Amino acid sequence: MLVHSIPTNAGYDFASDVRAGLTRPDQKELPSKYLYDDVGSALFEVISHLPEYGLTRADERLLRRHAKEIVERVPGPVAVAELGSGSGKKTRWLLEAFCRRQRTSYYPVEISHAALVMCERELSDIDAISIVGFEREYLDGLLEVAAYRKPGQHLCVLFLGSTIGNFDRAAGVDFLAEVRSILQPDDSLLLGTDLEKSGSQLLQAYDDELGVTAAFNLNLLARVNRELAADFALDHFEHTARINSEARSVEMHLVSKRHQVVSIPMAEVVVEFQEGETIWTESSHKYSSDEIFDTARKAGFRCEVQWIDEQWPFAENLLIAE
Ligand code: AVI
């Protein structure tokens, strides 16, 4: 077992994204990728255990149940890259199956340093694995992984947990097409997608009784305070989840409870909020099982197999690069 990690080359600029998002003339917004600093990643880990939020457990169940079959269908020899590995817990089943077939290189790509450390710790005991983590944005990391590819080796990319749902549908296709452009024919992409479910189930999942999702969302303002010396008063904002039927998504917002002015010195901006005005922080799009075949085709893949969980509508889709 070999484990080492390639540290960040931070290709993003938190301050300018915050300034751009909070000075938008209509809906203020903050990009959802910034929810995942060390605190946010730890809170997301807790969310994945909440009874109301079945998504992660469905993902894990499918991977555990079908790991052997998935691996048998992935052309080898293979190196495995995971975009957004999180703690790596759910990937264990797959990696164990890959490593039973042959020695396997695993490349987790993560912007959260803490998640990468957790992932490496979680998986390093697997026999016949070498782990090299990349602290990168997804596509930058995947490009670097592709550069490590040995002659004759296939790449299998894992994009699990329905992170694709955090893109709008068109951006999701564009993102998958970019992934495809880094791959070669017969490389594979295992894509996890949360499926449509009732509005009430979604509202409970994204606004849980314990308030963990609320803390996860509010942590974004706390992060702006910590990293950009802002003066957001967290108790002047409230988490809310909203259904967007047209987009077939559930959205998270932070609602300003009063008229207020917030200064963010390191983003060189002062922002005024009206009472009831919101900051849109995340959308989570839900898919129908059929549309994934079409989404895959538009991005240059064919969807070879789909496995659907029986307890929580969620699909694991094996896409092969055409
Ligand atoms: C990471 N992502 C797929 C989660 C989701 O369900 O959209 C993030 C999340 N937001 C609130 N709860 C979980």
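**A note on buried charges, a ligand and salt bridges**

1. Let's start with Lys197, which is buried, with a relative accessible area of 13%. Here buried means under 20% relative accessible area, exposed means over 50%, and partly exposed is in between (1.4 Å probe, protein chains only). Please keep in mind that this is a predicted model, in which local features need pLDDT of at least 70 and side-chain atom pairs count only at pLDDT 80 or more, while totals for chains, interfaces and linings use all residues. Residues are numbered from 1 along each chain as its sequence is written, and side-chain values use heavy atoms, leaving out hydrogens and water.

2. Where does Lys197 sit? Look in the loop between strand 7 (188–194) and helix 8 (199–206); helices (H or I, at least four residues) and strands (E, at least two) are DSSP runs, numbered from the N terminus. The side chain of Lys197 makes a polar contact with the side chain of Asp194 at 2.8 Å, and the side chain of Lys197 also reaches the backbone oxygen of Pro313 at 2.9 Å. A polar contact is a pair of N or O atoms within 3.5 Å; within protein, one must be able to donate a hydrogen and the other to accept it, and residues adjacent in sequence count only if both atoms are side-chain atoms.

3. Now compare Arg180, in helix 7 (residues 169–182). Arg180 is buried yet has no salt bridge, and the nearest side chain of opposite charge, Asp187, is 6.5 Å away. A salt bridge needs a side-chain nitrogen of Lys or Arg within 4 Å of a carboxyl oxygen of Asp or Glu.

4. Next, the ligand. It is surrounded by 14 residues, and the closest are Tyr53, Asn166, Tyr206, Glu282 and Ser284; a residue is near when one of its heavy atoms lies within 4 Å. An oxygen atom of the ligand is 2.5 Å from an N or O atom in the side chain of Tyr53, and a polar side-chain atom of Ser284 lies 2.7 Å from an oxygen atom of the ligand. How much of the ligand does the protein bury? Taken alone the ligand exposes 340 Å², and the protein buries 97% of that, with areas from the Shrake-Rupley method and a 1.4 Å probe (for residues, only the protein chains shown count as cover).

5. Glu282 belongs to strand 12 (residues 278–285) and counts as buried because its relative accessibility is 6%. A nitrogen atom of the ligand is 2.7 Å from an N or O atom in the Glu282 side chain.

6. Finally, the salt bridges, whose count comes to 23. Arg61 and Asp309 meet in one of them (2.7 Å, N to O). Arg61 lies in helix 3 (residues 55–73) and Asp309 in the loop between strand 13 (301–308) and strand 14 (314–321), so this pair ties together parts that are 248 residues apart in sequence. Arg61 is buried at 13% relative accessibility, and Asp309 is buried at 6%.

7. For another pair, see Glu291 and Arg169, whose side chains meet in a salt bridge (3.2 Å, N to O). This pair links distant parts of the chain, with Glu291 in helix 10 (residues 291–298) and Arg169 in helix 7, 122 residues apart. Arg92, Glu96, Glu122 and Asp125 are linked in a network of salt bridges.

Technical notes: Lys, Arg positive; Asp, Glu negative; His and termini not counted.
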